[in-house]
Amino acid sequence: MQFWWFWAMRRYLVLLLFLSLPIEAQQLLFEKTRTQAGYEFEYRWRDADKRQLSLAFTLPHDKFPTELLQPKAYHPKAAQRRIYMALMKHSSELDPRLASVRIQRRGRDLSWSIRTTKASAKQDIQRQLMEVRQSTMDQYLWENYYHRFESFLGQEGIKPDHMRFANESQPPLLPVSQALYQSLNTKERRPYIRLLLGWLQSIPYNPLDNRLESNGSGYLSPPAVILNNVGDCDSKTTLAGSLLATMLPKMSTVIIYLPNHALLGLKIAPLAGEKTLKLDGETYVLAEPTGPALLPIGEIGPDSERAIDTGMYHFERF
């Protein structure tokens, strides 16, 4: 009798665990066909209610700038070389009667020494060199679609400029936004968000590299996620923000960065039980576009919830 009770309880606990696990997204169909008009896409997937949904659109060939399709990896040595040349050029243009400057490269660091008899001149040249270094780095990052960021711990790093990718992807991805919008007939925001989340969650997932250590080579721009039918959390969340900016332009949206993860914050009225986050005095409902778990609006993964509750996040606005 005790033996029977033990196995019955074990089966019951296993069943409870199974039922508590989130349902995984199912991409039932992905077809990409190249035609004279462009790339024709067709999708079918199953949502959390086990309904079969579909989406189809065409993206013209000539609407994708190379910078969006093939983001460049960040190379610290190339950035250092650019800064070194700019500093050398600026130093050569100084009046040799006023001061002389020696630029040195030591590993990943750049340093300089200034020789002058005037203290005021030294301070001025020091300021000029720092400005040259800063502006040259900013220009290098801009040209390659990167920017500086600071983690929740105050650690400084370089990552792809997700906001710029999202903004510049809106015109070429307009057919996607239109197809999503036209598939529903409502003035409510939530059905569109729900449809978008389910579609993105069904797209195959690639793990995210550590942002502080990565050179950005694993990141896929919004068009590249669609063309390759794959994406990590940064890539999928940026695509979601880009499409929402076109579909629901009056809704404020943020991307929330967690350690090795990213999700969305949506400025909509929260429903009972939904996970929210207050940013700059405004309440955002959280949403997970990444998948493969089919998480509805306002429900996030346990790791995400722990990170949010302990303040391990920073955010950017679309």
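Select R164 and W142 to begin: in this predicted model, the charged end of R164 sits over the ring of W142, at 3.4 Å from the ring centre.

Next, turn to the aromatic rings, of which the structure holds 13 pairs. Select F165 and Y219, whose ring centres are 5.2 Å apart and whose planes meet at 55 degrees, so the pair is tilted. Because F165 belongs to helix α5 (residues 162–169) while Y219 lies in the loop between α7 (190–202) and α8 (222–228), the pair ties together parts that are 54 residues apart in sequence. F165 is buried, with a relative accessible area of 1%, and Y219 is likewise buried, at 6%.

Then select Y181 and Y192, an aromatic pair that is stacked, with 4.5 Å from centre to centre and 5 degrees between the planes. Y181 sits in helix α6 (residues 174–182) and Y192 in helix α7, 11 residues apart. Which of these two residues is buried, and which is partly exposed? Y192 is buried, with a relative accessible area of 2%, whereas Y181 counts as partly exposed at 37%.

Finally, return to the whole protein, whose secondary structure comes to 10 helices and 12 strands, and colour its 318 residues by accessibility, by which 44% count as buried.

Note on methods:
Residues are numbered from 1 along each chain as its sequence is written. This is a predicted model: local features need pLDDT of at least 70, side-chain atom pairs count only at pLDDT 80 or more; totals for chains, interfaces and linings use all residues. Side-chain values use heavy atoms; hydrogens and water are left out. Helices (H or I, at least four residues) and strands (E, at least two) are DSSP runs, numbered from the N terminus. Buried means under 20% relative accessible area, exposed over 50%, partly exposed in between (1.4 Å probe, protein chains only). Rings of Phe, Tyr and Trp (its six-membered ring) pair if their centres lie within 6.5 Å; planes under 30 degrees apart count as stacked, over 60 as edge-to-face and the rest as tilted. A charge sits over a ring if NZ of Lys or CZ of Arg is within 6 Å of the ring centre and within 35 degrees of the ring normal.
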